[in-house]
Amino acid sequence: MSRLVSLLRSPRLVLAVIAFLAVWTGVGAWAPWMQPEGPPPPPWAVAVGLAHPFTSWPFLVVVALLFASTLACTWGRRARTLAIRRGELPPSATRLPPRAADLRAFLASEGFRGEGEVLTRFGPALWGGWVLHVGLLVLIAAVLVQHALSDSGTFDLSEGERASLAAHGTVFGREKGPLAPDALPDLDVALVRFDPFRKQHGYSSDRLSELEVSGRGVAARTETIDRAAGIRAGDVEIFQAIPSGMALTLDVPGMGMRTVRLQPEGPRRAAAEVTSPSGEPMRLVVDSESDLGGPAGPGKLLVWMESRGTRRALMPGSPFPFGVGEARVLGMGRWGRFTYTRTPGLWGVFAGFAMILAGCTLLAFPAGVARLGRPGETAAAVVFTIRGGSALAAEWERAGPPA
Amino acid sequence: MQSILFWSAVTLYALATVAWFAWAAFGRKWGAGAGTALLALGLLPHAGSLAMRWIEVGHGPYNTRYEVISADTFILVAVWLVASMVARGLRGLGVFVAPSAFLLMGWAVSTFELKREVPIIFKSWWLVMHIGFAKLFFASILLAACCAAAWLIKERKPSALASLPSREKLDLYAHQFMIVSFLFLGVMIAAGALWAHQSWGRYWGWDPIETSALVTWIVFGIVLHFRVLHRWSGRRMAWLTFVALGFAVVTIFVVAILVPTIHNSYMVGS
């Protein structure tokens, strides 16, 4: 057991683990097949796990090794730090030989304070390394837990449309961890208003939505959402995503009001493939006078229906054949895309971050402990410093001639 | 007016470079005092030009290459001045800081005329933290590298840069700056993660700069472990400090210029 702990604490293993993570992370993120619309990964990359670098077994094994190594390095560190604070200094501590100079005055000028045999400099900062390492353990554990519990997905809404996230077909692109609930969030959302080109003072035009949310345990309310920040409804957060487009609202016989979201096919054209109630494939097309995505607005719009090689112009309110009956175009608007996330355990990730930063902050202080020489010792003092031991020894050498 | 203030700062940094050169190359003692004073004086018009641009475009100095590099330079000079007030021995680093400031301003001016609105996702306090600490990170790792450079010069010629502290002290200062830059980089990454979560609901997305910053942080961790575990110091650590600076430069500048990333806007130059 002790051999295993010694191995995990060995500087070579620690450095090898960190270096592997640096190289793997760099290669994994920069590989051509990891870029959007990049080529497929070559066979060798698939074989070594670089096709999915951050979920592959080599990465996860080394992260586990990092966790074990950090745990081994942290184990016993608290006791060692307490011992150092008591003046029980490690063999690596700097020994100051006797010199014809006032040692206490010299140590005081170097920031060491205390009355007795043991003097300290930035005493609490001696805990910096321990806090940093515990923070790293918390972060790794919390990231794993958070990933296991996380749940996110995407949904589109047209202006005036109401939808239940739990209903079949509303959410797509769902990604969830193995421990996340299977059920979708029990939340109803309605897009009250959507402006894809809203100008806010000091910022370029961007999407702005007014969303009504309600659900179990969530009182119905309407909130404004933009891409700067999401809104929270119970344990769910909703965010504005970038994609948006034109939407047609149809009155379909036997089905009521239906919204068709069109996808851009060019700067001035958007279209959607639909199937009529009788199963006939059709295309709804919108052509615009100006750019559909332009902040000045699309100008005059023409709506077409394409079916069996024929094209027919659709006028608002006028009926047109749609399967077994006749449908009508009720109106035209915009649709916007949204994402939802459920991230229990995220506080643990940020607690890990906070502990790491607190440890780093403490490490920024040049902490140290000096113990005055005891009878029978050749050194006038033994000094442990987080860093700068040789600089301190050199300063002491300049303080006076050997005694 | 903004242009006049900017060029005044550039001129003062250029004069400071000359003064520090006179100190380093010809041993003119007045050079250090004059160089420090000129650099400090240069901060005034520099702050004025940054403030005027801020008012003009309605956002802080974090969009377009001019705004970013100019603000980075300001922070570099300011951090060096504050550090040299805390530790007098660091004043001599002005010999590196002055030409760095002058060259960085020369790079910044190439996109002086470019002004862009920022996207709505910039409406966040985490952004201020993220960018503020990125600038502090760059300044502190550059100063660590300056200490390492001074160490190497003094090793080759001990009488050079006489008013800089001993090599042991320079090694300590380089270590100190590196620890601080490790902290600042950590805060930058954490604030960026919090910002990403606020805007997108995820704290990490393996964006090229995100990943590069993480790799840089890990590399800094390796270098610091060499210090602590293997007790490396002196020449080897001086060169490792340059390696760390290289990673920092790649993360902050090179990736943003060359690689498609969500961070491209801050180094946009054309």
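**Aromatic rings and their partners**

Biologist: Is B:Tyr66 buried or exposed?

Modeller: The model is predicted, so local features need pLDDT of at least 70 and side-chain atom pairs count only at pLDDT 80 or more, whereas totals for chains, interfaces and linings use all residues; side-chain values use heavy atoms, leaving out hydrogens and water. Residues are numbered from 1 along each chain as its sequence is written, and chains are lettered from A and ligands numbered from 1 in the order in which they are written. The relative accessibility of B:Tyr66 is 0%. Buried means under 20% relative accessible area, exposed over 50% and partly exposed in between (1.4 Å probe, protein chains only), so B:Tyr66 is buried.

Biologist: How many aromatic pairs are found over all chains?

Modeller: Rings of Phe, Tyr and Trp (its six-membered ring) pair if their centres lie within 6.5 Å; planes under 30 degrees apart are stacked, over 60 edge-to-face and the rest tilted. Over all chains, the search finds 28.

Biologist: What kind of pair do B:Phe137 and B:Phe220 form?

Modeller: B:Phe137 is buried at 0% relative accessibility, and B:Phe220 is buried at 0% as well. Their ring centres are 5.7 Å apart with planes at 50°, so the pair is tilted.

Biologist: Which ring lies under the charged end of A:Arg311?

Modeller: A charge sits over a ring if NZ of Lys or CZ of Arg is within 6 Å of the ring centre and within 35 degrees of the ring normal. The charged end of A:Arg311 is 4.2 Å from the centre of the ring of A:Trp304.
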